[in-house]
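Please keep the sequence and the model in view while going through the points.

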Amino acid sequence: MTRKIKIKRGLDIPLAGAAGERIESINPQSVGITPLDFEGHTWKCCVKEGDAVGVGSPLFHDKATGKIKIVSPVAGEIKEVKRGERRRILNVSIAPKAEGAETISYDLGLTKETIRETLLASGLWAMMRQRPYDIVPDADSEPRDIFVTAFDTAPLAPALFSEADIPAIEKGLEVLGILAGKKPVVSTSETNPVEFKNAENLIVSGPHPAGNTGVQIAAVAPVNKGETVWTLDIATVKRIGKLYTDGKGDWSCKVAITGPEIKDPHRVETVVGASIESLLAGNLKEEKGLRIISGNVLTGKRCNLEDGYLRYPYRQITVIKEGDNADEFMGWASMSPKKYSVKRTFPAFLKGLRSPFPFDARIKGGKRAMILSGELDKVFPFDIYPEYLVRAIEAGDIDRMEKLGIFEVAPEDFALPEFVDTSKHEFQSMIREALDKLRAESL
């Protein structure tokens with residue numbers, strides 16, 4: 001069965017620096033895993049500096065049950081367990097070695113119970129997310145549905161799979177179908193539609209955020225209070241399929257090196273958690289005044305060149321200028337055709353708003369009171385009033401948050417509203433804090 005949906009509200013941001021066709025293989029000098037990427041659980045470290053680990057060796061487990069594991073993507077030696085304030089673990093870094101501990105093996109039985117235990121132990125469970133709350137699912141979680149996104153519409157986002165990946169993906173969908181008791185829903189883009197076996201196929205068209213799983217869930221079967229929906233990307237499904245085909249974990253990934261400050265935007269074959277320094281070596285136009293983002297410019301995490309690592313979901317790095325030394329004639333009042341505005345304030349729209357722009361990291365304004373102008377609705381394709389929801393969050397009104405649809409959204413769904421907001425509110429962090437508060441109330 002194949003369905004089609006069209007997303008009308010949204011915005012494609014024309015950022016310069018799209019990755020070309022060239023693919024390079026990089027073996028990083030260091031690999032790091034950040035437990036902060038895996039929301040919803042308190043993680044306990046299983047290793048210490050100097051320990052030898054293999055592919056699939058546990059690095060962390062959840063403190064509540066000890067069942068959910070985050071594992072090492074490479075064999076090697078623990079280089080550092082980096083901690084921050086109050087000894088909070090920031091990341092565990094690993095020095096890869098050609099000779100190390102053996103790869104972990106798993107029970108690959110195709111019963112519901114065996115699949116659950118295998119995904120929990122292999123680290124693949126931690127790669128899934130649960131709606132509501134946008135967290136790693138609890139170990140005993142039972143989903144109403146599973147939604148898989150096979151494309152990404154974020155700025156400069158790469159393709160998430162190739163034709164060669166389809167057999168492993170279809171095996172992964174079969175495994176997930178047994179676990180959930182029903183076929184997963186898989187969304188592909190209208191520009192590259194694929195009908196996968198063992199799945200309910202969904203073809204999606206429209207501007208960003210059409211590739212966000214939350215948008216697709218809202219269009220097909222919105223999440224209500226008391227329901228649980230699992231979400232994951234097609235790369236995780238492929239890893240599940242490879243595990244059940246080859247008998248061992250596959251933590252390789254293809255990463256797009258993008259942005260206006262990259263000399264040669266291209267794709268890289270590497271491993272989950274690869275060091276930023278290895279991935280960007282010799283490819284930066286400048287050495288200073290840059291913002292390096294693991295992910296896309298809307299939802300990615302800021303990283304340092306020297307000690308930063310590729311962060312979840314491990315598919316893209318974007319580099320733009322900070323812009324803190326920018327010196328523009330007339331500033332905001334300039335009518336330069338090199339300026340961009342969603343409201344067509346500048347004449348650039350005459351040549352088309354899809355022409356690539358070299359955006360920088362400047363906010364270009366200060367935080368101020370929110371005005372109910374309807375500007376958020378134009379880029380927010382949910383049947384929700386985003387401005388009223390944000391006001392309910394600011395007021396701490398839990399009942400009103402629930403009535404206004406907080407359970408349907410995740411922080412990434414408010415990335416575009418954050419971009420167009422003239423009041424300069426940090427909507428994504430507000431949504432994250434609200435979801436954490438609601439979950440704490442429900443426990």
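The points below cover the basis of the model, a helix pair, a proline, a sheet and an arginine.

1. The model is predicted: local features need pLDDT of at least 70, side-chain atom pairs count only at pLDDT 80 or more, and totals for chains, interfaces and linings use all residues. Residues are numbered from 1 along each chain as its sequence is written, and side-chain values use heavy atoms, with hydrogens and water left out.

2. Helix α2 (residues 166–180) and helix α4 (residues 234–246) have axes that come within 7 Å and cross at roughly 85°. The two are therefore roughly perpendicular to each other (65 to 115 degrees; under 35 is roughly parallel, over 145 roughly antiparallel and the rest oblique). Axes are lines fitted to C-alpha atoms, for helices over the stretch in contact, and angles run from 0 to 180 degrees between N-to-C directions. Helices (H or I, at least four residues) and strands (E, at least two) are DSSP runs, numbered from the N terminus.

3. On the α2 side, the residues that meet α4 include Ile 169, Leu 173 and Leu 176; on the α4 side, Val 237, Ile 240 and Tyr 244 are among them. Contact means heavy atoms within 4.5 Å. By class, the contact of α2 with α4 has nine nonpolar, three polar and three charged residues (Ala, Val, Leu, Ile, Met, Phe, Trp, Tyr, Cys and Pro count as nonpolar, Asp, Glu, Lys and Arg as charged, and the others, Gly among them, as polar).

4. Pro 184 lies in the loop between α2 and β12 (185–189). Pro 184 has a relative accessible area of 0% and is buried (under 20%; exposed is over 50%, partly exposed in between, with a 1.4 Å probe and protein chains only). Beyond four places in sequence, Pro 184 touches residues including Leu 173, Leu 176 and Ile 146. Pro 184 and Ile 146 are 38 residues apart in sequence, yet 4.8 Å apart in space, C-alpha to C-alpha.

5. An open sheet of three strands runs in the order β4-β6-β7 with antiparallel pairing; β4 (43–45) and β7 (69–71) are the edge strands. Two strands pair if DSSP finds at least two bridges between them; β4 and β6 (residues 58–62) share three bridges. The bridge partner of Cys 45 in β6 is Phe 60.

6. Arg 439 is found in helix α9 (residues 427–442) and counts as buried at 16% relative accessibility. A polar atom of the Arg 439 side chain lies 2.8 Å from the backbone oxygen of Gly 40.

Conventions. A polar contact is a pair of N or O atoms within 3.5 Å; within protein, one must be able to donate a hydrogen and the other to accept it, and residues adjacent in sequence count only if both atoms are side-chain atoms.
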